[in-house]
Amino acid sequence: MDNIKTDVEIEILRENALLVSRTLAEVAKHIRQGVSTLQLDRVAEQFIRDHGADPGFLGYRGFPNTLCISVNDAVVHGVPSDYCLREGDIVSVDCGTRKNGFYGDSAYTFAVGRISPEAEMLLKVTKESLFKGIAQAVHGNRMGDISNAIQTHVERSGYSVVREMVGHAIGRKMHERPDVPNHGRRGQGPKLLSGMVICIEPMINMGREDIYCHRNDKWTVRTVDGSLSAHYELTVAVGRDRADVLSTFEFVEEVLNNRNLE
Ligand code: MG
Ligand code: MG
């Protein structure tokens, strides 16, 4: 009922979480103007298979690819295509793995070359909000403590939290209960218990919160007002005193920092 994982299960989830983190770092090496989102998808699929795992999204409810790649006003679930990235784009890359019967799931929003200061700020605040949420993933807190920490930080900057899409627990299934909303009230919602493993994933719009699903591919979720949207996701095990963060942005950011030195 409470969806508590054993220590052994948490280690398998950690293995998946780290593989997803390394896959996103591999993708980071290839993000530049002119690369197609399908090329990025191939890089990720090869990397995951080379590490003895399967892509977690491929075939999931019929999803056709390894990565969800959502550019600019696309919020989530973008389908890789022959679209070539342009200078100034922001591109959210969401990646899943499956190994030893468990899933990994993590996302990062990248800048393509130089982006506007406004876009830069959206990425910064969205990522910060994720870590504010993670800080609340402690035994005895409520889910609403995570949700409220994210919402408060985001709305303070004038951005909107996407309501319809939420984070989730993860395990032998990609999406398990309970949900992890990015908006809510402190002290409300399910109690957080040590050993719960959840994906916290704020999806934040620069403009209004409203979204719609694109008719052409039946997957891509976009902002109604066309404003930019950012998405960061990490997997954490709720701990006694603090969250145990199973995935990491360290590998991605190492790649990005080295590229800035080029
Ligand atoms: Mg994800
Ligand atoms: Mg997720």
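1. Tyr212 has Arg222, in strand S12, as its bridge partner. Strands (E, at least two residues) and helices (H or I, at least four residues) are DSSP runs here, numbered from the N terminus, and two strands are said to pair if DSSP finds at least two bridges between them. Strand S12 (residues 221–223) runs antiparallel to S11, and three bridges join them.

2. A word on the basis of this note: the model is predicted, so that local features need pLDDT of at least 70 and side-chain atom pairs count only at pLDDT 80 or more, while totals for chains, interfaces and linings use all residues. Residues are numbered from 1 along each chain as its sequence is written, chains are lettered from A and ligands numbered from 1 in the order in which they are written, and side-chain values use heavy atoms, with hydrogens and water left out.

3. The strands of the first point belong to an open sheet of three strands in the order S3-S12-S11, with antiparallel pairing. Strand S3 (74–76) and strand S11 (211–213) stand at the edges with a single partner strand each, so one side of each has no neighbour in the sheet. From one strand to the next the twist averages 40 degrees, where axes are lines fitted to C-alpha atoms (for helices over the stretch in contact) and angles run from 0 to 180 degrees between N-to-C directions.

4. Which residues coordinate the magnesium ion (ligand 2)? The donors come from Asp105 (OD), His168 (NE2), Glu201 (OE) and Glu233 (OE), at 2.1 to 2.2 Å. Donors are N, O and S atoms within 2.8 Å of the metal (3.2 Å for Na, K and Ca), and since water is not among the atoms, sites may look incomplete. The spacing of these donor residues in sequence is D-x62-H-x32-E-x31-E. His168 lies in strand S7 (residues 167–169) and Glu233 in the loop between strand S13 (229–231) and strand S14 (234–237), so this pair ties together parts that are 65 residues apart in sequence. His168 counts as buried at 2% relative accessibility, and Glu233 is buried as well, at a relative accessible area of 0%; buried means under 20% relative accessible area, exposed over 50%, and partly exposed in between (1.4 Å probe, protein chains only).

5. Distant parts of the chain are linked by Asp94, in strand S4 (residues 90–99), and Glu233, in the loop between S13 and S14, which are 139 residues apart. Asp94 and Glu233 are both buried. The two magnesium ions, ligand 1 and ligand 2, are 3.2 Å apart, and Asp105 coordinates both.

6. Strand S14 is covered on both faces, with Leu234 and Val236 buried on one side and Thr235 and Ala237 buried on the other. In a regular strand, side chains alternate between the two faces of the sheet. Four bridges join S14 to strand S9 (residues 197–200), the two running antiparallel, and Ile200 stands opposite Leu234. Strand S15 (residues 244–245) is also antiparallel to S14, joined to it by two bridges, and Ala237 has Asp244 as its bridge partner in S15. S14 and S15 form a hairpin with six residues between them.

7. Helix H1 (residues 7–30) and helix H2 (residues 37–50) have axes that come within 9 Å and cross at roughly 145 degrees. The crossing of H1 past H2 is right-handed, a term used when the near helix is turned clockwise from the far one by less than a right angle, and left-handed if anticlockwise. In contact (heavy atoms within 4.5 Å) are Leu19, Arg22, Thr23, Glu26, Val27 and His30 of H1 with Leu40, Val43, Ala44, Phe47 and Ile48 of H2. These residues divide into seven nonpolar, two polar and two charged, where Ala, Val, Leu, Ile, Met, Phe, Trp, Tyr, Cys and Pro count as nonpolar, Asp, Glu, Lys and Arg as charged, and the others, Gly among them, as polar.

8. Some backbone geometry deserves a second look. Most residues other than glycine have a negative phi, and most peptide bonds are trans. Arg177 and Pro178 are joined by a cis peptide bond with omega of about 0 degrees, and Pro178 is placed in strand S8 (residues 176–180). His77, which is not a glycine, has a positive phi of about 65 degrees; His77 sits in the loop between S3 and S4 and is partly exposed, with a relative accessible area of 28%. Asn100, likewise not a glycine, has a positive phi of about 50 degrees and is found in the loop between S4 and strand S5 (102–111).
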